[in-house]
Amino acid sequence: MEDSQIIELYWQRSENAITETSSKYGRLLRKIAMNIVGNFSDAEECENDTYIATWNAIPPTRPNVLSAFLGKIARNIALNRYEYNKAQKRNNEFDLILSELEECIAAKNTVEESFEEGVVATMLDEFLAKLKQETRVIFVRRYWYSDSVKDIAKRMQISESKVKTVLFRTRKELQDYLAERGVFV
Amino acid sequence: MTGKDLFREIGMIDEKYVVEAEEVKRPVRFNPMLKKSLATVACLCICIGLYFGVRQLDIGVGGESTANSTADAVGQSAGYDGSMAASNGAWQESESFFDEMSIAATTEAYKTAEDCEVVEKDENSELLQDNKQENEQNEADSQMGDANIAESVQSDRTVIETSRDFEEISERFAGYSDVFEPDTGEVDVINRHGELQPGSAALEDFLAKTESGADAAIELVQFTIEGDPIFYYIQYNGKDFYMVMDARRDAFAGDKQMEEGVYSNLQVYEEMLEDGLYNVIWVLTNQENVTLEELEQGKVEGFTVIQYIQER
């Protein structure tokens with residue numbers, strides 16, 4: 001079923017909307033959640049919570065790209081779940097992703113600045129626009145989809161060491177980019 | 001701003017980049033090195049074929065020029081000498097002196113070569129005999145060596161496979177290094193953030209033994225994000241599973257530095273993440289047919305031993 005038809009089902013408040021969403025995007029959502037929370041049970045819960053959140057969000061929202069919309073919701077729900085579970089269960093792979101992102105934020109300067117939500121996202125859009133496609137895809141797969149280095153290497157048909165090198169250099173560039181714009185830890 | 005905040009901000013980037021990352025996927029390439037190596041192998045095969053072909057032709061040409069009978073050209077040395085003498089006599093009647101000389105020379109050379117071949121064959125057969133004896137001796141020695149090694153390994157594993165001595169196991173873990181390589185032999189399996197070294201064979205072997213009711217034991221080490229090792233020892237005695245976990249080197253272990261327990265079941269959960277990729281979880285528990293959900297909700301007590309990604 002096309003995305004526009006699925007969105008229409010939500011607007012019509014038809015329960016088939018969830019079934020169709022699950023059928024088309026269930027696997028993607030589980031994978032995104034699994035990459036963050038690290039266990040099957042929590043990932044499944046996150047997936048179900050995503051459907052509920054989507055049901056509540058549409059309407060009034062009419063997303064342009066349903067997969068990205070759902071992925072964003074799943075990502076945030078999974079992150080919240082990860083924080084909740086952190087004391088008992090640790091997902092080593094996702095911990096690594098967060099520690100890598102810590103590197104992107106330069107040490108505190110003299111002035112503390114707080115940013116409205118989404119402002120940094122705009123900076124990130126500008127940053128990503130300057131990157132080569134391969135570099136951008138690797139970056140987004142790592143830090144949006146939370147894929148492992150091995151998965152990215154397999155997807156892009158390159159070596160794992162190349163993926164690590166690309167990520168390392170891009171993080172360094174991002175750190176400089178954000179520091180120029182006053183974003184510090 | 002923390003890493004987590006940045007992670008959330010990344011979640012709000014333009015959807016076109018998210019879609020692009022989902023759509024871009026390179027097909028499996030035929031390894032260019034493989035192409036080159038295939039071409040090299042093909043050339044080698046042709047060269048070898050040509051070499052043997054030419055050798056066959058040379059031998060064939062030499063035989064036809066000196067013997068009338070094909071059987072005589074390949075036959076016994078006594079019979080061959082006789083036919084050669086007859087051929088020489090026949091050729092001496094030819095018109096061209098040069099032809100006679102060249103053919104006689106060829107005959108002589110061929111005869112010499114034939115003699116050499118016979119001698120070589122004899123020598124080769126002696127060598128083969130020697131080699132055969134040497135191989136048999138080596139095999140016997142190797143079997144003896146393997147038996148000795150197997151015996152010593154067997155005796156070590158026998159000790160490990162029946163041990164439920166908490167102090168002994170704790171002491172052994174305390175003596176292991178911090179840095180592990182797959183072939184140091186200190187543990188059976190190393191789990192680096194879901195990736196197993198040297199692979200899942202030891203785990204599968206352990207499962208197979210327990211399913212057959214045999215005594216079995218396995219030692220593994222898993223690393224935290226900070227790189228601290230956590231050791232696990234699981235031993236099965238035909239009835240239940242004994243487990244020791246040593247997290248003394250985990251900076252974030254808190255109160256749970258050493259754990260010991262006996263469980264009636266080992267449950268292995270598998271979830272397919274995508275084609276050929278599975279998430280595998282081992283859980284020790286005292287109840288049967290427990291779902292992962294029940295474990296996670298705390299309805300049943302269990303101990304998660306290992307979680308890894310497996311490619312099939």
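H7(A) and H9(A) lie roughly perpendicular to each other (65 to 115 degrees). Helix H7 spans residues 133-143 of chain A and helix H9 residues 160-180 of chain A; they pack at an angle of about 90°, with axes 10 Å apart. Axes are lines fitted to C-alpha atoms over the stretch in contact, and angles run from 0 to 180 degrees between N-to-C directions. Helices are DSSP runs (H or I, at least four residues), strands likewise (E, at least two).

This is a predicted model: local features need pLDDT of at least 70, and side-chain atom pairs count only at pLDDT 80 or more. Residues are numbered from 1 along each chain, and chains are lettered from A in the order written.

In H7(A), the residues that meet H9(A) include Ile138(A) and Phe139(A); their partners in H9(A) include Val166(A) and Leu167(A). This helix contact holds seven nonpolar, two polar and four charged residues.

Now the interface. Contact means heavy atoms within 4.5 Å. Buried area is the accessible area (1.4 Å probe) that two parts lose on being put together, summed over both.

| Chain B with chain A | Value |
|---|---|
| Residues in contact | 46 of chain B, 66 of chain A |
| Buried area | about 5100 Å² |
| Carbon and sulfur share of buried area | 57% |

Met1(B), Phe7(B) and Arg26(B) supply 15% of the area that chain B buries against chain A, more than any other three residues.

Four salt bridges (Lys or Arg side-chain nitrogen within 4 Å of an Asp or Glu carboxyl oxygen) link the chains. Lys4(B) forms one with Glu83(A), with the closest N and O atoms 3.7 Å apart.

Notes:
Side-chain values use heavy atoms; hydrogens and water are left out. Angles under 35 degrees count as roughly parallel, over 145 as roughly antiparallel, 65 to 115 as roughly perpendicular and the rest as oblique. Ala, Val, Leu, Ile, Met, Phe, Trp, Tyr, Cys and Pro count as nonpolar, Asp, Glu, Lys and Arg as charged, and the others, Gly among them, as polar.
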